[in-house]
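This briefing is for a reader who has not seen the structure before.

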Amino acid sequence: MTNEELQACLTGEFTNAEVKIGKQYVEILVNAEELHDAAIKLSTEPLLSFDYLFCLTGVDYPEKMQMVYHLESTKHRHTVVLKVNTADRVDPVVDTVSDVWQTAKYHEREVYDLLGVKFNKHTDLRRLFLDDSWGFPLRKDYKDEVRIVER
Amino acid sequence: MSETKEIIISSDKIHTDQYLVNMGPQHPSTHGVLRLLVRLEGEIVHHIQPHVGYIHSGIEKMCESLSYPQVIHLTDRMDYLSAHMNNEAVCLCVENALQVEVPDRVKYIRTIMDELTRLASHQLWWCVMGMDLGALTTFFYGLRDREHILDIFEETCGARMTLNYSVPGGVMFDIHPNFQKRVKEFITEFRKKLPEYDELLTGNVIFQERTNDIGYLSLEDAIAWGVTGPSGRGSGFSCDVRKHNPYSAYPLVQFEEKLDTKGDSFARYRLRIEEMHESLHIIEQLIDNIPEGDYAVKMKGVVKLPEGEFYQRVESARGEFGVYIVSDGKKNPYRVKFRSPGFSNLFALNKMAAGHKIADLVAIMSTLDLVIPDIDR
Amino acid sequence: MGFNIYDFSGMTHNMHLWFLERMSPTATTIVEWTVIGVSYMLFVALFGLFLVYAERKVCAAFQQRLGPMRVGLWGLLQTIADFIKLLMKELIMPKSADKFLYNLAPFIVMIATFLAMAVLPFAKGLQTLDFDIGIFYVTAVSSVGVIGILLAGWSSNNKYSLIGAMRSGAQILSYELSVSLSLVTIIILAGSMQLSVVVESQRDWWFLFKGHISSVIAFVIFLIAGTAETNRGPFDLAEAESELTAGFHTEYSGIKFAFFFLAEYINMFIVAAMATTVFLGGWMPLHFGQLESFNHVMDFIPPLVWFFMKVCGVIFLIMWFKWTFPRLRVDQILTLEWKYLLPINLVNILLMCLVVLTKFHL
């Protein structure tokens with residue numbers, strides 16, 4: 001499907017979500033509570049069938065934490081970007097999608113490690129690269145006197 | 001093959017006749033600093049827990065305080081065997097964001113360098129694969145041939161591996177006058193050498209016994225775990241970015257995306273050898289027809305991307321490499337995320353290796369072709 | 001002294017008489033033991049040196065490079081330098097290793113090697129012990145080496161070493177069978193287990209040619225099983241560097257490691273020497289039956305030289321295996337032995353019996 005068709009289809013499927021066409025891909029912004037259902041719908045719906053999660057990112061904005069999921073369908077070869085915001089920047093919690101796309105299991109661990117976003121119902125939420133006592137380096141307000149030189 | 005149970009390792013849950021062996025950060029066949037905590041029963045592997053982060057350098061954080069050309073310099077060091085492809089990914093992302101059209105000459109040069117890098121990476125993979133399985137002679141054969149490619153690189157851009165040749169808008173310098181001649185010589189010579197590789201390893205019955213039916217990954221698992229590159233194509237997952245989302249000069253060349261449904265180590269091995277043949281084919285199509293023109297477009301001194309998010313996918317030697325840039329209009333990116341192929345490929349290891357023996361674990365890891373700085377970034 | 005390069009029995013006899021004239025019989029025996037022991041140790045040291053150097057040069061040739069070239073002319077002194085380095089290394093023993101067994105293991109391996117070397121016929125008249133159960137004795141004592149390996153793996157208190165030792169133990173015990181059975185084939189052809197008799201009866205034809213098909217099969221099986229016995233070549237998973245770092249001798253350093261290292265090369269020599277003695281005629285020159293003139297020409301080369309030429313040829317073959325093939329996995333090694341080599345061996349023995357009974361040999 002082209003971007004416009006995809007946008008129309010998604011607007012029909014997801015009534016509570018904001019669907020727009022970004023610079024490259026269709027972007028769909030869902031509410032945090034509906035993330036898991038949206039994920040299941042996106043991956044199982046025959047016309048959509050987004051079965052390949054190729055990038056999972058966490059972005060730290062001034063007032064929110066955003067999770068960005070880049071999805072592709074191996075059957076129809078269309079791409080969509082699923083986004084979800086959390087209002088709480090201090091202790092963000094998001095539902096896990098690792099039961100829908102298994103690769104998310106370790107990507108979410110990485111996001112937890114570097115940004116501090118916790119994932120509900122994740123089977124093995126531990127730090128991946130860093131020690132348990134480390135802060136969350138990718139946050140914009142992370143300060144480290146020894147290792148980071150502020151210019 | 002027993003089904004895997006993802007059990008969290010804690011002392012009261014370990015079954016008494018299993019034991020833990022650490023294939024520690026320093027190990028001849030983990031291809032870098034990767035620690036695998038392997039739970040064994042006799043020789044059978046029950047569960048593997050990879051511990052990564054030994055070479056985590058905080059590249060993504062660093063990028064937030066660097067300008068875009070400086071970001072390119074860092075991408076060399078992640079998957080250092082596909083350095084040029086990483087560079088190209090960031091350059092393409094920046095160029096697409098700024099809506100800059102690069103000359104055809106640049107596209108041809110970038111694609112030729114891409115394929116040469118892919119060849120060099122696969123040669124190194126092949127020689128290390130033989131070495132891991134005990135055929136120590138393959139190490140020297142692969143490196144001997146790889147030297148030719150590295151010499152070509154050095155003549156054109158000054159560096160052998162971490163090329164840093166692409167810049168937003170083009171390439172840093174024009175190709176050396178000897179470039180075309182040397183590449184053509186290399187192609188003819190390497191075509192003669194590739195059958196040697198088949199004689200030494202592919203056709204060897206011991207090697208086939210060690211890799212056939214070892215490390216099976218089904219198509220559904222490959223898609224679910226995001227295993228791309230030859231590792232994914234070995235399971236039948238058609239994921240070649242050069243075919244599905246072509247960039248640079250790839251729309252202009254004819255080549256096949258080889259797939260194999262067998263999903264075992266031998267399939268992954270064979271696909272990489274065939275990819276080497278295809279790379280030679282691609283270079284042949286391009287090397288004689290490099291169009292004349294500029295080798296770079298004039299860009300502003302300070303590169304500032306417009307506000308928004310930009311994603312670029314390229315096919316590196318290991319799989320799909322992605323660059324995701326979130327820009328807020330300033331000269332430093334707001335957030336850069338590198339989708340590394342090794343990260344997704346590594347964590348499917350448990351699925352592939354559980355139920356096999358330690359020796360098979362080594363064979364499977366070789367066919368996955370992991371580069372650890374790519375995983376850790 | 002009666003030094004005849006074609007027949008050492010005169011020289012040894014004269015030496016014996018010389019000692020007897022000067023000392024009592026007991027003292028003579030002790031002095032002779034010492035002389036023989038020292039000469040064996042010298043031989044092991046020198047030949048081991050030569051083998052290590054040869055391995056590096058042969059390996060380099062296969063890999064299209066030169067090998068050691070700097071230490072001495074063409075790198076000839078390289079191994080000496082290596083051994084000096086090994087002697088000077090600190091002997092680090094893991095803290096919770098079993099001290100007695102840890103120290104004992106290298107010695108057991110060496111002892112097994114020396115025991116096996118005692119019966120080899122180097123040349124006419126140059127054989128230390130000539131039992132009438134010579135072949136049987138060699139297979140028996142070479143099994144003692146397994147104990148050393150298992151002890152090394154266990155006492156190191158290291159999981160990797162233990163895995164390596166267990167694998168090695170299983171492998172060596174299995175391939176003992178193949179080695180013994182292929183030697184049994186030749187015993188049937190020779191009619192005797194005494195090594196000097198075996199060599200003498202190859203005066204007309206080497207056993208490799210005499211027993212044609214059956215001998216050739218036995219030779220091939222012996223080579224494969226012999227390579228597996230010494231943990232070499234495609235069967236070296238016990239010390240698979242890329243998997244277990246160094247297998248059962250991971251925790252050994254310095255002179256103890258040198259013992260294991262040397263023992264492996266001398267074991268390779270013993271396998272080659274047994275193959276030579278039993279299949280390729282030992283120190284017998286190449287004779288083609290009744291071709292008198294040809295045989296006479298062949299006789300010009302001294303038996304000692306013949307023996308070492310053949311041994312070096314077989315050693316080259318064994319080295320060739322190692323540097324060409326990838327490694328087999330442990331279950332594949334055992335499958336090869338139990339499902340393929342053993343049945344073939346048994347059938348071959350029957351075949352050889354038929355050949356001997358019907359006198360269908362050269």
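In chain C, 20 residues of domain 1 are in contact with 20 residues of domain 2. Helix 2 of chain C gives the largest share of the domain 1 side of this contact, with 11 residues. The model is a predicted one.

**Chain C: the side of domain 1 that touches domain 2**

- Two or more residues each come from helix 1 (9-22), helix 2 (25-62) and helix 3 (78-88) of chain C.
- By class, this side of domain 1 of chain C holds 15 nonpolar, 3 polar and 2 charged residues.

**Chain C: layout**

- Domain 1 of chain C is assigned to residues 1-88, and domain 2 of chain C to residues 94-357.
- Between the C-alpha centres of domain 1 and domain 2 of chain C the distance is 20 Å.

**Chain B: layout**

- Chain B also has a domain 1, covering 11-51, and a domain 2, covering 59-376.
- The C-alpha centres of these two domains of chain B are 29 Å apart.

**Chain B: the side of domain 1 that touches domain 2**

- In chain B, 14 residues of domain 1 are in contact with 19 residues of domain 2.
- On the domain 1 side, strand 3 (residues 44-51) of chain B gives the most, with 6 residues.
- The residues on this side of domain 1 of chain B comprise 7 nonpolar, 6 polar and 1 charged.

Terms used. Residues are numbered from 1 along each chain as its sequence is written. Chains are lettered from A and ligands numbered from 1 in the order in which they are written. This is a predicted model: local features need pLDDT of at least 70, side-chain atom pairs count only at pLDDT 80 or more; totals for chains, interfaces and linings use all residues. Domain bounds come from an automatic or database domain assignment. Two residues are in contact if their C-beta atoms, placed from the backbone, lie within 7 Å. Helices (H or I, at least four residues) and strands (E, at least two) are DSSP runs, numbered from the N terminus. Ala, Val, Leu, Ile, Met, Phe, Trp, Tyr, Cys and Pro count as nonpolar, Asp, Glu, Lys and Arg as charged, and the others, Gly among them, as polar.
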